[in-house]
Structures are given as C-alpha cells and as structure tokens.
Amino acid sequence: MVLAPALLGTQAARAAAGIERLREGTRPMPAITFQDAEGAEKSLADFPGQGLVINLWATWCPPCVAEMPALERLARTLAGDRIPVLPLSSDRGGRAVVEAFYQRIGLTGLGIWLDPRGAAARALGARGLPTTVIVDRQGQERARLEGDAAWDTAPFVAAIRRLVGPAPEPVLRT
C-alpha cells in the first residue's frame, strides 16, 4: 500500500516530463506505406480527413512495450474524434508476433499495423523506437516524440486534439 503513492508520483512525473519532449513543428509527410493485419498495403491516403497518431514500435523494444497500454487507452479516447492510433510494428514476424503480443498483455483496442521492413520508419526519419508522429487532418506532420510516453494522460490528449484540429462537421443531407 505504501508503494502505490510512490508509483503514482512516478507516473505523473513521467507524464509531465513526456509532454515536454513532444517536438512541435509542421512539415510535409513523406509518402509512407505499411500493411494492415491481412497484409494489404496501406498509405496515409487511406485515412482522408482524419488525424493520425503513428507509433513506430516493436515487441522486442522494452520502452515500446511499456507504452502500449497507454496507446490503447488513447485510441479509445480519440475514436470519436476520428483520430486513429496506428501502431506500426517493425517485427519481422509480422501479424503472428504482434497478435501473440497483444493477447499476452491483453490489448484488444488497437489494430495490427505492420512495417516489417522498416520502410515507413526510414521514410519518417525515425532515429529509434518508439517514435510517435502526430499527423493533422490535412496530412501534415505536426509533432513527434522519440521514446515512450504516457499517451493517455490529459496533457497528451489535449495536445493531440489541438495539433490535429477539430473533426469536420457531418454533412446534413436534406
């Protein structure tokens, strides 16, 4: 019981420090391709009008593993905002490796997205894993963070919503 407040303090400190590592700046996104769980090639064009949180990660990367539950909670929080979280796994074993990892740690709210040859990571200029890139609704990179973070905390959620911009109003047909 005495340990719980200490852990909460550590998480809060990590989250506060994490938001300071978010590097904002607008720049064009490179043309990147990746695969869905079935192996079909996808690109940013498959997500028109949506903001994106692109997370480059691998199951063998301890900081990547540490942030996956927070990314899942972030995905649930942002679902209504049309801001999907795309965790692009660089595991060469593909879907089977990622699926087994998700099952082992109980992730059910994240899609399986694959970058097994690291092409998207290279195109994005990632220097290591994890790297997370925030993309606005016009397809521009707005921010990135190298390393793990507490993505589901209020400062990150607010920053992502601000950077991505509001969801377009639905068109009412008469």
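**A disulfide, a bent helix and their surroundings**

A: Searching the whole structure turns up one disulfide, meaning a pair of cysteine sulfur atoms within 2.5 Å. Before going on, note that this is a predicted model: local features need pLDDT of at least 70, side-chain atom pairs count only at pLDDT 80 or more, and totals for chains, interfaces and linings use all residues. Residues are numbered from 1 along each chain as its sequence is written, and side-chain values use heavy atoms, with hydrogens and water left out.

The disulfide links Cys61 and Cys64, with 2.4 Å from S to S. It is right-handed, because the torsion about the S-S bond is about 75°. Cys61 is buried, at a relative accessible area of 5%, and Cys64 is buried too, at 0%. Buried here means under 20% relative accessible area, exposed means over 50%, and partly exposed is in between (1.4 Å probe, protein chains only).

Cys64 is one of the buried residues of helix H2, which covers residues 62-78. Helices (H or I, at least four residues) and strands (E, at least two) are DSSP runs, numbered from the N terminus. H2 has 17 residues and reaches 25 Å from its first C-alpha to its last, close to the 24 Å expected at 1.5 Å a residue; the expected span is 1.5 Å times one less than the number of residues. Still, H2 bends by about 40° at Met68, and a proline, Pro69, follows within four residues. That bend is the angle between axes fitted to the seven residues ending at a residue and the seven starting there.

Gly106 sits in the loop between H3 and strand S6 (113-114) and is partly exposed, at 45%. At the other end of the topic, Arg82 is in the loop between H2 and S5. Its phi is near 60°, a positive value in a residue other than glycine, and Arg82 is partly exposed at 36%.

Now the buried side of H2. Its buried residues, among them Glu67, Met68 and Leu71, pack against strand S4 (52-57), strand S5 (85-89), helix H3 (95-105), strand S7 (131-135) and helix H5 (154-164).

Asn55, in strand S4, is worth a stop. Asn55 is buried, with 0% relative accessibility. Its side chain makes a polar contact of 2.8 Å with the side chain of Glu67, and another of 2.7 Å with the side chain of Thr132. A polar contact is a pair of N or O atoms within 3.5 Å; within protein, one must be able to donate a hydrogen and the other to accept it, and residues adjacent in sequence count only if both atoms are side-chain atoms. Beyond its neighbours within four places in sequence, Asn55 is in contact (heavy atoms within 4.5 Å) with residues including Met68, Leu71, Pro87, Pro130 and Thr131.

Pro130 lies in the loop between helix H4 (119-123) and S7, and a cis peptide bond, omega about -10°, joins Leu129 to Pro130. Thr131 has Glu146 in S8 as its bridge partner. S7 and S8 run antiparallel, joined by five bridges; two strands pair if DSSP finds at least two bridges between them. In their hairpin, with four residues between the strands, Gly139 takes a positive phi near 85°.
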